[in-house]
Amino acid sequence: MTDFETVYIGSEEPDSLDARMLCDERSAYLAAMTGKSAQQSIAYGDLRSIRARFVLARNSMGEAMGCGAIRRQSYNVAEVRLLYVRLQYRGLEATLLSHLEGQARLLGYHVLRLCVTPAERGASRACEARG
């Protein structure tokens, strides 16, 4: 990702065309890396809860760059799911994570957990960098 790239992050429906394309890309990437598809790893209905968010990052041309979601795990705990950034926008993970952290605070969560596979190194590094 270039330093001068403008990024817009906002909530979207998890079954929008861009959301499905990004989730399919993520699943294909994970299948190539681990041999397992990630398609069944989350129930998209969970992302429509009043205390859940699915967000897309877009550039100034409206192109989807990446996505992420938070969903309720317990009253005070949310988990980050579906954190994915297209290859040409790597480095955006920390920005997406920061946005999701803010959304989690607004929704009243006190703890945010990340569930990733070893193949999702970018997401892991972004979280480790943020503590």
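**Entry 1: the sheet**

I started at G10, which stands opposite L56 in β2. This is a predicted model, so I kept its rules in mind: local features need pLDDT of at least 70, side-chain atom pairs count only at pLDDT 80 or more, and totals for chains, interfaces and linings use all residues. Residues are numbered from 1 along each chain as its sequence is written, and side-chain values use heavy atoms, with hydrogens and water left out.

Then I looked up the pairing, which here needs at least two DSSP bridges between two strands. β1 and β2 run antiparallel and share four bridges. I found an open sheet of five strands, ordered β1-β2-β3-β4-β5, with mixed pairing. At the edges sit β1 (8-11) and β5 (111-114), each of which pairs on one side only. From one strand to the next the twist averages 25°; axes are lines fitted to C-alpha atoms (for helices over the stretch in contact), and angles run from 0 to 180 degrees between N-to-C directions.

**Entry 2: the whole chain**

I counted elements next: three helices and five strands. Read from the N terminus, the order is β-α-β-β-β-α-β-α.

Of the 131 residues in the chain, 41% are buried. Buried means under 20% relative accessible area, exposed over 50%, and partly exposed in between, with a 1.4 Å probe and protein chains only. I also checked contacts (heavy atoms within 4.5 Å). Taking those between residues at least 6 apart in sequence, 64% join residues at least 24 apart.

**Entry 3: the hairpins around β3**

β2 and β3 pair antiparallel over six bridges, with R58 standing opposite A64 in β3. The two strands make a hairpin with five residues between them, and G62 in that turn has a positive phi of about 90°.

On to β4: six bridges join β3 to β4, again antiparallel, and the hairpin between them goes through four residues. I70 has V80 in β4 as its bridge partner. How enclosed is β3? Eight of its nine residues are buried, so the rest of the structure largely encloses β3.

**Entry 4: N59 in the loop**

I went back to the β2-β3 connection for N59, which lies in the loop between β2 (53-58) and β3 (64-72). Buried or exposed? N59 is buried, at a relative accessible area of 6%. The side chains of N59 and Y89 make a polar contact of 3.2 Å. That term covers a pair of N or O atoms within 3.5 Å; within protein, one must be able to donate a hydrogen and the other to accept it, and residues adjacent in sequence count only if both atoms are side-chain atoms. Setting aside neighbours within four places in sequence, N59 touches E5, T6, Y8, M65 and Y89.

**Entry 5: the cores**

In soluble globular proteins, nonpolar side chains tend to be buried together. My search was for nonpolar cores, meaning sets of buried Ala, Val, Leu, Ile, Met, Phe, Trp, Tyr and Cys residues joined through side-chain atoms within 4.5 Å. The largest one has 16 residues, and I70, V80, L96 and L100 have the most contacts inside it. At least two residues of this core come from each of β2, β3, β4 (77-85) and α2 (93-106). A second, separate core has 12 residues, including L22, C23, L47 and L82.

I listed the partners of V80 too: leaving aside neighbours within four places in sequence, they are A69, I70, L97, L100, L112, R113, L114 and C115.

L82 made me stop. L82 has a positive phi of about 55° although it is not a glycine. The residue belongs to strand β4 and is buried, with a relative accessible area of 4%.

**Entry 6: cysteines**

Last, I checked for disulfides, counted as pairs of cysteine sulfur atoms within 2.5 Å. The count is zero. Seen from C67, the closest cysteine sulfur is that of C23. Both are buried: C23 has a relative accessible area of 3%, and C67 has 0%.
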